[in-house]
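Let's walk through this model together, starting with a charged pair and ending at a pocket. Keep the viewer open as you read.

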Amino acid sequence: MSASSLFGRGVDAVRQGLLRRRGWALLLIGAAGLLTPMAAFGDHGGGGRGTTSGTTSTTTGTTTGTTGTTTGTTGSTASFQGLGQIPGGDVQSFGLGVSGDGNVAVGYALDSVNVEYAFRWTQATGMQTIANTLGGVSDEAHAASSVGSIVAGIADDNSGAGHQAFRWTAAGGMQGLGIYDADDMSSDGSVVVGSAVWTQSGGIQPPPPTLGGCCSSALGVSPDGSVVTGWSTTSSGFLHAFRWARTSGTGLQDLGVTSGTESVGEDASSNGAVIVGQARDKNDFWRAFVWTAGGGMKDIGTLGGPMSAAYGVNDNGSVAVGTSLTTSSSASNHAFRWTAKNGMQDVQSLLTKAGVSSVQGWILTTARRVSSDGTVIVGTGLDPNKQWEAYRAVLPLP
């Protein structure tokens, strides 16, 4: 396997100008098991700005079994369940986000002709689609607010650019934000970040500054909305993760690298004190990192293979989640949970050791986000029928 294989968000594609003009296929790869080939469903780009109302479908998809209670607190009982698929759709869904309280999962699912539909899932309602009212058909949900009442994502809008970020509420429907992506959102829903930053009070904000290169992109925001992370090119043309206290009036803080040349920030803790992401090592492989002001950027290892990526971190920075290769095979990635106490551990193995039988027959490939308290994980795996399916797992803290 080449060290330059696309991993994480396809950061090697930045130099070719591909990262921000990615197709639906790259989004699928990012959600479903980063190096697993997926079919392409057409290209899409940035969109215009608009505000329209929308609805949430009342149809509910199927959900596979669960073992144990799922309260989403530190004292939770370990449990696991597949979130199913939309009614009448293909047997594929992808989990991308979770509310702060752990009770709402969001992502997207495919219909029978491979059109994507954003979904919002709760234990009570199951999987419900969010209608695209921006002029297109396909949409994806990427982030949820603290109690899941606000959802952010992207939607096709039939513009020349192809799609734009949206912010959705049950009362107001789908609001187009005018920025290209919605990778993350603050816990109160007032700040959305993608390629740029949108705020409820001020709309589209000036783009993040750079670290001396041509460009930068915001990928994650702290739950309180004060700190943004992502990547910026340096004067030498390399990608470096940054921490940006956007309301402070200061520039980007370069988070540096580990033993290699590049890094990308993916998510931030409640006040931005902890940043997680991925960085190249001395052998040019991308590996998960945790950054703190006191300790700097630390490589947190892998599950046995050469590559890993951290995508989400809980509020106090004590739990990170992501994906890692378990062997040298590019199709061997498993979801992980990292804690300062126990390091990087396989999510599926932890569930099995906890006696959760409903995870049997699955291969959990990716953990995308984690609840505020660090106990509820949402991601994607191969279900017993070898179909991609979103899941929700509960693991008590060590």
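**Salt bridges and a pocket**

Start at Arg280, which makes a salt bridge with Asp284, their closest N and O atoms sitting 3.3 Å apart. A salt bridge here is a side-chain nitrogen of Lys or Arg within 4 Å of a carboxyl oxygen of Asp or Glu. This is a predicted model, so local features need pLDDT of at least 70 and side-chain atom pairs count only at pLDDT 80 or more, while totals for chains, interfaces and linings use all residues. Residues are numbered from 1 along each chain as its sequence is written, and side-chain values use heavy atoms, with hydrogens and water left out.

Arg280 also forms a salt bridge with Glu262, and there the closest N and O atoms are 2.9 Å apart. Arg280 belongs to strand 19 (residues 274–280) and Glu262 to the loop between strand 17 (253–254) and strand 18 (263–268), so this pair ties together parts 18 residues apart in sequence. Strands (E, at least two residues) are DSSP runs, numbered from the N terminus.

How much of this is buried or exposed? Arg280 counts as buried at 4% relative accessibility, and Glu262 does too at 2%. Asp284 is partly exposed, with a relative accessible area of 31%. The cut-offs are under 20% relative accessible area for buried and over 50% for exposed, with partly exposed in between (1.4 Å probe, protein chains only). Through shared partners, salt bridges join Glu262, Arg280 and Asp284 into one network.

The structure holds four salt bridges. One of them pairs Arg369 with Asp184, the closest N and O atoms being 3.7 Å apart. It links distant parts of the chain: Arg369 is in strand 26 (residues 363–370) and Asp184 in strand 10 (residues 184–185), 185 residues apart. Both Arg369 and Asp184 are buried.

Asp184 also leads us to the largest pocket, where it is among the residues closest to the centre, along with Val98, Met185, Pro223 and Val370. The space in this pocket is about 290 Å³. On a 1 Å grid over the protein atoms alone, a pocket is an open set of points where a 1.4 Å probe fits, with protein on both sides within 12 Å along at least five of seven lines; lining residues have an atom within 4 Å of a point. Grid points are joined across faces, edges and corners, and the volume is the space filled by probe spheres set on the points. Strand 6 gives the largest share of the lining, three residues.

Conventions: Helix = DSSP H or I, 4+ residues; strand = E, 2+ residues; numbered from the N terminus.
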